[in-house]
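Subject: Structure handover

Hello,

Here is the structure for your files. Please have it open while you read the notes below.

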Amino acid sequence: EMQVKRVVLNSRPGNNGVPDPENFRLEEVTVSPDLEDGEVLVRTIYLSVDPYMRCRMNEDTGAEYLTPWQLSECVDGGGVGVVQSSRCSTCVEGDVVTSFNWPWQTQAVLKGSGLQKVDPQLVDGQLSYFLGAVGITGLTALLGIREKGHVTKGANQTMVVSGAAGACGSIAGQIGRLDGCVRVVGICGSEEKCNALVKELGFSAAINYRQDDIPARLKETCPDGIDVYFDNVGGDISDTVIAQMNNNSHVILCGQISQYNKDVPYPPPLSEETQENLRRKNITRERFMVLSYMSKADAALYELSQWVRSKKIKVLETVVNGIENMGVAFCSMMKGGNTGKQIIKIS
């Protein structure tokens, strides 16, 4: 039998509470390596923490497609690892596999049918990219822009991205540029992040929402108005962006992280003024859920991998070592402590 470390949900922050590392607890458990038909033993290499997980900390997630985490049960999310032994026809020892429902555990016995085999060559061996740029995060950015952004080459469009230095926003801005936007402006929370967006990722400009006058900076950096808004944050920032959007423009409603600690439905209700702006200017703002477009995932992931390998897309990551730091990494990410994708290296 094997001794395995895992992270369980110790307590809930409460509907309007801010998550704390104490909400998670590290445990040692014994796992039998004896497999039944269809099962594999995996060793975890990387785990991911993401904003949507805040909703899973509540008794009710507020979203029909998200199940709440249970108290004293092992937490799960995006993970990538290697098969150590297998009684599953689709997986052999040494295969690299990934899943949305990977337990926060150093090793685990999983059903092979719930795992997706991935080719390390697609990411030049950077396996963490399967949780970010060439995984569900990259898919969300690419398919969000393609399905809801209506970017057209040669149409002189301006895109604004909020949460632009986060996992999804940092990829979305680069895709906006590759797909034909002439101007891409990012909104983020520090000068260091602003510099990374402009100097490393090729954004046209960046706005620090903690220091800058956002309406004035938007007017300055988007002189022709805003045609596409990739919204990761919601709240006051989004109201400010929507107020400067052009007629017949498009909001890609990806996330609302500013609202996740509040007891409000998803997507949260808008102010009357913002609703009136959307109506008067004929701005589309439809909820985007990447899971509704998974028939397009394989082709999109291949395209993302080509961009990453050719350095057309640069990948930013914040990597923390050790399963014991999962809770700290999650809470840091929720406060904007990460630049790019927050990754936890397990082994």
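The notes below go through aromatic rings, a helix packing and a few loop residues.

This is a predicted model, in which local features need pLDDT of at least 70 and side-chain atom pairs count only at pLDDT 80 or more, while totals for chains, interfaces and linings use all residues. Residues are numbered from 1 along each chain as its sequence is written, and side-chain values use heavy atoms, with hydrogens and water left out.

Aromatic rings

The structure holds 5 aromatic pairs (rings of Phe, Tyr and Trp, the last by its six-membered ring, with centres within 6.5 Å; planes under 30 degrees apart are stacked, over 60 edge-to-face and the rest tilted). One of them is the edge-to-face pair of Phe 24 and Phe 330, at 5.8 Å centre to centre and 75° between the planes. Phe 24 lies in strand S2 (residues 24-31) and Phe 330 in helix H9 (residues 326-334), so this pair ties together parts that are 306 residues apart in sequence. Helices (H or I, at least four residues) and strands (E, at least two) are DSSP runs, numbered from the N terminus. Both Phe 24 and Phe 330 are buried (under 20% relative accessible area; exposed is over 50% and partly exposed in between, with a 1.4 Å probe and protein chains only). Ring pairs also link Phe 24, Trp 69, Trp 104 and Phe 330 into a cluster.

Asn 23 sits in the loop between strand S1 (2-9) and S2. Asn 23 counts as buried because its relative accessibility is 6%. Its side chain and that of Ser 11 are joined by a polar contact of 2.9 Å (a pair of N or O atoms within 3.5 Å; within protein, one must be able to donate a hydrogen and the other to accept it, and residues adjacent in sequence count only if both atoms are side-chain atoms).

Helices H2 and H8

Helix H2 (residues 136-149) packs against helix H8 (residues 297-309) at an angle of about 110°, with the axes 10 Å apart. The axes are lines fitted to C-alpha atoms, for helices over the stretch in contact, and angles run from 0 to 180 degrees between N-to-C directions. That makes H2 roughly perpendicular to H8 (65 to 115 degrees; under 35 is roughly parallel, over 145 roughly antiparallel and the rest oblique). The residues of this contact divide into 8 nonpolar, 1 polar and 2 charged. Here Ala, Val, Leu, Ile, Met, Phe, Trp, Tyr, Cys and Pro count as nonpolar, Asp, Glu, Lys and Arg as charged, and the others, Gly among them, as polar.

Loop residues

Ile 313 lies in the loop between H8 and strand S14 (317-321), and is buried at 2% relative accessibility. Leaving aside neighbours within four places in sequence, Ile 313 is in contact (heavy atoms within 4.5 Å) with residues including Leu 304, Trp 307 and Val 308.

Lys 311 is also found in the loop between H8 and S14, but is exposed, with a relative accessible area of 59%. Lys 311 has a positive phi of about 65° although it is not a glycine. Most residues other than glycine have a negative phi. Ser 72 likewise has a positive phi, near 65°, and is partly exposed at 38% relative accessibility.

Gln 256 lies in the loop between strand S12 (245-253) and helix H7 (272-280). Gln 256 is buried at 3% relative accessibility, and its side chain makes a polar contact of 3.0 Å with the side chain of Asp 231.

Regards
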